[in-house]
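Hi everyone, thanks for making time this morning.

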Amino acid sequence: MPLVSLTRQNDYALPALRVAVGELLAPLGGMKRFVKAGDRVVLKLNLVCPTRGNLVAYTQAEIFQVVAEMVLDCGGKVVAGDSPGAGSAAKVAKIAGIAPLAEALGVPIIEFTGKEIFSARRVFRQLTLARELLEADAVVNLPRLKTHGQMMLTAAVKNLFGAVIGTEKFAWHYRAGADYAMFARMLYEIERAVAPRLTILDAIVAMDGNGPTAGSAQPLGFLAAGEDSTAIDATMMKILGRAPEDLYTVQAATAAGDTAWQNVELRGVENLADLKPTRWRWSPTQTLAMIPPRLWRYLPFVTEEKFRRWTALYPQIVAGKCVRCGKCLTVCSVGALAFNGADVAVNQNKCIRCYCCHELCPHHALELRGGWLSRWLRRLNWLWQKI
Ligand code: SF4
Ligand code: SF4
């Protein structure tokens with residue numbers, strides 16, 4: 001039975017944060033259970049890409065500091081890193097405020113560049129992943145809870161997509177195409193390959209709305225930790241008022257026969273409803289998931305596939321924000337973007353809705369917009385919540 005530990009914590013002020021992380025790990029046996037003297041430990045940060053003025057997109061610098069201190073205290077040889085979709089880990093760590101703390105602690109920020117073929121022998125027979133993660137004695141995963149346009153949430157499992165080196169991520173988006181379930185199977189298999197010993201998830205300040213880079217800071221006031229990534233993600237779904245099965249990566253785990261998430265043992269907080277936010281905005285892409293199950297009964301003539309097409313959201317330029325840097329063109333694996341006068345045009349016939357361009361535009365110049373049906377449904381959903 002996987003154990004998920006939860007602790008309330010309202011800010012990142014250091015003395016209190018050290019105590020909170022200590023309390024969080026106590027039911028799991030403390031950091032010493034996960035790190036032995038001499039272990040080579042990689043802290044897997046979230047350094048998604050260089051983004052302007054939205055530090056909630058990243059692993060919080062103080063969380064990195066406290067966890068790195070704990071690993072060092074256990075005698076671990078610690079490095080921290082990621083493979084951002086654009087830019088370098090060193091550059092993004094600087095933007096995130098992690099670089100000076102790492103320097104003070106003597107913790108190198110590493111770029112995942114080494115590639116190793118991992119024989120998954122599952123849906124994806126081979127995965128080419130960061131050698132730095134596969135060869136580490138222990139990986140400690142440090143995600144922040146954020147909404148995600150394609151996968152709904154980025155939390156414990158999705159944070160390990162950084163094990164795919166840099167721009168190879170876009171090739172995987174291409175291979176999975178518009179099949180989100182297939183993409184989630186790949187994420188689940190990456191998580192199994194990396195097999196983090198410990199995950200410490202930060203929801204002191206989460207990101208809602210247009211995540212994972214352009215959303216809003218949403219203080220939720222808690223931390224979560226555990227050894228089972230899917231169990232942590234399933235717990236987050238419950239806290240956010242949704243069925244865990246709605247999350248693609250939970251579906252992927254279940255399809256692979258991993259159903260341990262159904263029997264989570266909680267520590268620290270007995271009633272998850274106590275952590276439920278008064279307000280949480282999902283990504284606007286989640287229109288389909290917003291349909292209350294009861295309503296489907298009255299729409300028997302509408303197949304899910306048709307509905308997906310009618311309500312699909314596509315990236316569109318926000319007037320006046322595009323600086324024609326061209327970054328989105330380089331990340332689009334299907335060539336659906338092209339320069340068009342002062343900005344960029346999206347070819348919806350080619351777009352597979354991976355939302356990489358939206359995630360990686362450093363100027364937040366791309367918004368996800370749908371047609372009249374998705375707008376109408378969001379209003380309906382709002383009304384439904386009020387009834
Ligand atoms: S949409 Fe964003 S990433 Fe694309 S060219 Fe414009 S500013 Fe650059
Ligand atoms: S236009 Fe954007 S969302 Fe569409 S396929 Fe290209 S990168 Fe993905």
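Across the interface of domain 1 and domain 2, the rule finds zero salt bridges, a salt bridge being a side-chain nitrogen of Lys or Arg within 4 Å of a carboxyl oxygen of Asp or Glu. Before I go on, a word on the source: this is a predicted model, where local features need pLDDT of at least 70 and side-chain atom pairs count only at pLDDT 80 or more, while totals for chains, interfaces and linings use all residues. Residues are numbered from 1 along each chain as its sequence is written, chains are lettered from A and ligands numbered from 1 in the order in which they are written, and side-chain values use heavy atoms, with hydrogens and water left out.

Back to the interface. What does the rule find there in the way of polar contacts? It finds six residue pairs in polar contact across domain 1 and domain 2, both residues at pLDDT 80 or more. A polar contact here is a pair of N or O atoms within 3.5 Å; within protein, one must be able to donate a hydrogen and the other to accept it, and residues adjacent in sequence count only if both atoms are side-chain atoms. On the side of domain 1 that touches domain 2, helix α6 (residues 168-176) gives the most, with three residues. Helices (H or I, at least four residues) and strands (E, at least two) are DSSP runs, numbered from the N terminus.

Now the domains themselves. The domain assignment, which is automatic or from a database, gives domain 1 as 3-275 and domain 2 as 284-386. Their centres, taken over C-alpha atoms, are 26 Å apart. The contact (heavy atoms within 4.5 Å) takes 25 residues from domain 1 and 20 residues from domain 2.

How much area do the two domains bury between them? About 2,000 Å², with 57% of it on carbon and sulfur atoms; buried area is the accessible area (1.4 Å probe) that two parts lose on being put together, summed over both. In domain 1, R52, F170 and N210 lose the most area to domain 2, and together they make up 25% of what that side buries.

Let's turn to salt bridges in the whole model: by the rule, the count comes to 13. One of them joins the side chains of K115 and E168, at 2.8 Å from N to O. This pair links distant parts of the chain, with K115 in strand β5 (residues 115-119) and E168 in helix α6, 53 residues apart. K115 is partly exposed at 40% relative accessible area, and E168 is partly exposed at 24%. For the cut-offs, buried means under 20% relative accessible area, exposed over 50%, and partly exposed in between (1.4 Å probe, protein chains only).

R267 and E265 also form a salt bridge, their closest N and O atoms being 2.5 Å apart. E367 and R369 pair at 3.0 Å, N to O.

Finally, some backbone geometry to check on your own screens. The peptide bond from G211 to P212 is cis, with omega near 10°, and P212 is found in the loop between β10 (198-208) and β11 (216-226). M152, in strand β9 (residues 152-154), has a positive phi near 80°. Is M152 buried or exposed? Buried, with a relative accessible area of 0%. R353 has a positive phi too, near 55°; R353 lies in the loop between β15 (343-346) and α13 (356-360) and counts as buried at 17%.
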